[in-house]
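Here is a quick tour for anyone meeting this structure for the first time. Have a look at the picture, then read on.

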Amino acid sequence: MVHEDATAGSAWFRTARPRPEAACRLYAFPHAGGSAAAYARWARLLPDDVEVAAVQLPGRQDRRATAAFTDLDTLVEAVYEALEDDLDGRPFAFFGHSMGALLAYRLTVALRADGARGPVLLAVSGWEGGAHRVSPVPVERMPDDEFLERVAGFGGLPPECTENSELLELVLPTLRADFAVVNGYTDDGARVDVPVVAYGGTSDPLVGGGVLDAWAGRTDAFLGHLGFPGGHFYLYEHGVSVAADLTRRLRHCLTARTGV
């Protein structure tokens, strides 16, 4: 499998509204099968002192010609290299939903393991490693119907896919690759020395019943979790509220970091 140069940071990050004077840069990681477009509204939802960089993984939209990754460790390494090329000295934070939360978490683990600066805040949504489910059958071998049933067990698909069969057909190859990434992950309970806040839908089968509180076992600075009505893709309906809460917590973390 051939991938483009991971150090080409501009290929990986989309900044709809550049804010070079912003105090912080927020890297937003999409769900499985998703793209940077999942965070198209976020530049408007977050204040001017936060610059939003939506992560564009290979295999989707303008990067469709580039092979999608199927292995988490390789993907984390590639994003790590692109991030190093993109960082400009400002504090930064991570937000990730579902597979994006897994990627943001493992990227944080990798940064801190190398002694590199980590995010001032790790915000995770719709995922917790202790509740991770592994399929005994590799997703690349599943027929489409069986694969989509498996996807349904992970909380289903975003609305734009379920309502558009042509889009679903277009997304399927990338979705399979992303699920191979997720399915190949073995949780080791790695801890991170950064503040963590968790979000989720109260009807999400992946994180219901207080599962998100388990993040307290992965950091000494767990800021709690906030639940919203809805399932795995609650974020589509509650983006404004999540962005508002994230802004408040991010500003608190920045103040605590600088002592100002």
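This is a predicted model: local features need pLDDT of at least 70, side-chain atom pairs count only at pLDDT 80 or more; totals for chains, interfaces and linings use all residues.

Two strands count as paired if DSSP finds at least two bridges between them.

**The whole chain**

Let's step back for a moment. The protein chain holds 8 helices and 7 strands. Its C-alpha atoms fill a box of roughly 55 × 40 × 35 Å along the principal axes. A compact globule of 260 residues would have a radius of gyration near 18 Å, and the chain's 17 Å agrees with that. Of those 260 residues, 53% count as buried. The accessible surface comes to about 11200 Å², and carbon and sulfur atoms own 51% of that area. Take the contacts between residues at least 6 apart in sequence: 82% of them join residues at least 24 apart.

**The sheet**

What order do the strands take? In the open sheet of 7 strands it goes β1-β3-β2-β4-β5-β6-β7, and the pairing is mixed. The edges are β1 (13-14) and β7 (222-228), each of which pairs on one side only.

| Strand pair | Sense | Bridges |
|---|---|---|
| β1 and β3 | antiparallel | 2 bridges |
| β2 and β3 | parallel | 5 bridges |
| β6 and β7 | parallel | 5 bridges |

Tyr 27 stands opposite Ala 53 in β3. Over at β7, look for Gly 227, which has Gly 200 opposite.

**A closer look at β3**

Is β3 buried or exposed? In this strand (residues 50-55), 6 of the 6 residues are buried, so the rest of the structure largely encloses it. In a regular strand, side chains alternate between the two faces of the sheet. You can follow that kind of pattern here: Val 50, Val 52 and Ala 54 point one way, while Glu 51, Ala 53 and Val 55 point the other way, and all of them are buried.

**Helices on the sheet**

Helix α3 (residues 72-86) lies across β1, β2 (24-29) and β4 (92-97), and runs at about 160° to β2. Helix α4 (residues 99-113) also packs on the sheet, where it touches β2, β4 and β5 (122-125). The direction of α4 makes about 145° with that of β4.

Then there is α8 (residues 235-258), where you'll find His 238. This histidine counts as buried because its relative accessibility is 17%, and the cut-off for buried is under 20%. Leaving aside residues up to four places away in sequence, His 238 touches Phe 228 and Pro 229.

**Two cysteines**

How many disulfides does a search of the whole structure find? The count is 0. A disulfide is a covalent bond between the sulfur atoms of two cysteines. Cys 24 is in no disulfide, and the nearest cysteine sulfur, that of Cys 253, is 9.4 Å away. Those sulfur atoms would have to lie within 2.5 Å to count as a disulfide. Cys 24 counts as buried, with 0% relative accessibility. Cys 253 is buried too, at a relative accessible area of 7%.

Note on methods:
Residues are numbered from 1 along each chain as its sequence is written. Side-chain values use heavy atoms; hydrogens and water are left out. Helices (H or I, at least four residues) and strands (E, at least two) are DSSP runs, numbered from the N terminus. Contact means heavy atoms within 4.5 Å. Axes are lines fitted to C-alpha atoms, for helices over the stretch in contact, and angles run from 0 to 180 degrees between N-to-C directions. The radius of gyration is taken over C-alpha atoms; the globule rule is 2.2 Å times the number of residues to the power 0.38. Buried means under 20% relative accessible area, exposed over 50%, partly exposed in between (1.4 Å probe, protein chains only). Accessible areas come from the Shrake-Rupley method with a 1.4 Å probe; for residues, only the protein chains shown count as cover.
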